[in-house]
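Please find below a short note to read beside the model. The points run from the fold to the ligand.

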Amino acid sequence: MQKKFSNTLVLLTALLCLNFTANSQATEGALKVTGEVGKSLVLSTAQVAAMAHINVTMNDRDGKAHTYSGVPIQAILDSAGVTTGKQLRGENLSKYLLVKCADGYEVVFSLAELDSSFTDHKAIIADMSEGAPLPAGKGPFRMVLEGEKKPARNCFQVTDIVIMFAKE
Ligand SMILES: Nc1nc2c(c(=O)[nH]1)N[C@H]1C(S)=C(S)[C@@H](COP(=O)(O)O)O[C@H]1N2
Ligand SMILES: [Mo]
């Protein structure tokens, strides 16, 4: 009876460990898109890498230019069914996105300021810089905006994009 009990304990512990490993692997390096979306997305680094990329050059805090390669944020929002392009009118203009990072840094953007129907400034979720994946402390994903005068909104280690409604 006791043997059976301890066997069960061992089995349960093993299952818990397995589950923990599976969960942490599933979220490792993932980009979540949630909130006011058609469908929530969890994109792996491989899925982002497989999407069409463009380049954006930005200056770091020392004024040195760096070229980043990544997916236009609008393409990511489109695949999550967020209101973009022609749908960005009326009450949808009061939608914004909160970009959350692994270190707790958070930046807000209005949907319209990132949309190609409103601006020529490119906005990407970068996964590469100068031909290589972003270094661990800055990756796997970095929000990179063209034409910013300082890099404070180019948040690194992005984990979540949450779409919200500011309309009262
Ligand atoms: N996640 C996260 N992103 C961040 C920051 C931060 O503290 N955390 N700092 C911002 C600020 S204030 C600056 S100046 C730039 C610095 O980026 P760099 O080290 O690549 O020049 O990152 C921006 N992105
Ligand atoms: Mo900064």
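**Notes on the predicted model**

1. Five strands make up an open sheet of mixed pairing, in the order β2-β1-β10-β5-β6. Two strands count as paired if DSSP finds at least two bridges between them. Strands β2 (41-43) and β6 (106-110) are the edges; each has a single partner strand, so one side of each lacks a neighbour in the sheet. On average, neighbouring strands here are turned by 15° against each other, direction ignored. Axes are lines fitted to C-alpha atoms, for helices over the stretch in contact, and angles run from 0 to 180 degrees between N-to-C directions.

2. Basis of the values. The model is predicted: local features need pLDDT of at least 70, side-chain atom pairs count only at pLDDT 80 or more, and totals for chains, interfaces and linings use all residues. Residues are numbered from 1 along each chain as its sequence is written, chains are lettered from A and ligands numbered from 1 in the order in which they are written, and side-chain values use heavy atoms, with hydrogens and water left out.

3. Overall make-up. The protein has 3 helices and 10 strands. Helices (H or I, at least four residues) and strands (E, at least two) are DSSP runs, numbered from the N terminus. Along the sequence the pattern reads α-β-β-α-β-β-α-β-β-β-β-β-β. Of its 168 residues, 35% count as buried. Buried means under 20% relative accessible area, exposed over 50%, and partly exposed in between (1.4 Å probe, protein chains only). Among contacts with a separation of 6 or more, 59% come from residues 24 or more positions apart. Contact means heavy atoms within 4.5 Å.

4. Strand β1 and V33. Strand β1 (residues 31-35) runs antiparallel to β2, joined by 3 bridges. L31 has L43 of β2 as its bridge partner. V33 is also found in β1. V33 counts as buried because its relative accessibility is 0%. Leaving aside residues up to four places away in sequence, V33 touches S40, L41, I76, A80 and I161. Its C-alpha atom is 9.7 Å from that of L97, 64 residues apart along the chain.

5. Strands β7 and β9. Strand β7 (residues 123-129) pairs with β9 in the antiparallel sense, over 4 bridges. I125 stands opposite M143 in β9. In a regular strand the side chains alternate between the two faces of the sheet. In β9 (residues 142-145), R142 and V144 point one way, M143 and L145 the other, and all are buried.

6. Strand β4 and S69. S69 lies in β4 (residues 65-72). With a relative accessibility of 17%, S69 counts as buried. Not counting residues up to four places away in sequence, S69 touches H53, I54, N55, I124, A126, D127 and M128.

7. Which residues are around ligand 1? They are D60, R61, C101, D103, Y105, K138, R142, P151, A152, N154, C155 and F156, each with a heavy atom within 4 Å. A side-chain N or O atom of D103 is 2.8 Å from a ligand 1 nitrogen atom. A backbone N or O atom of N154 lies 3.1 Å from a nitrogen atom of ligand 1. For F156, a polar backbone atom is 2.9 Å from a nitrogen atom of ligand 1. Taken alone, ligand 1 exposes 530 Å², and the protein buries 80% of that. Accessible areas come from the Shrake-Rupley method with a 1.4 Å probe; for residues, only the protein chains shown count as cover.

Terms used
Polar contact = N/O pair within 3.5 Å; in protein donor to acceptor, adjacent residues only side chain to side chain.
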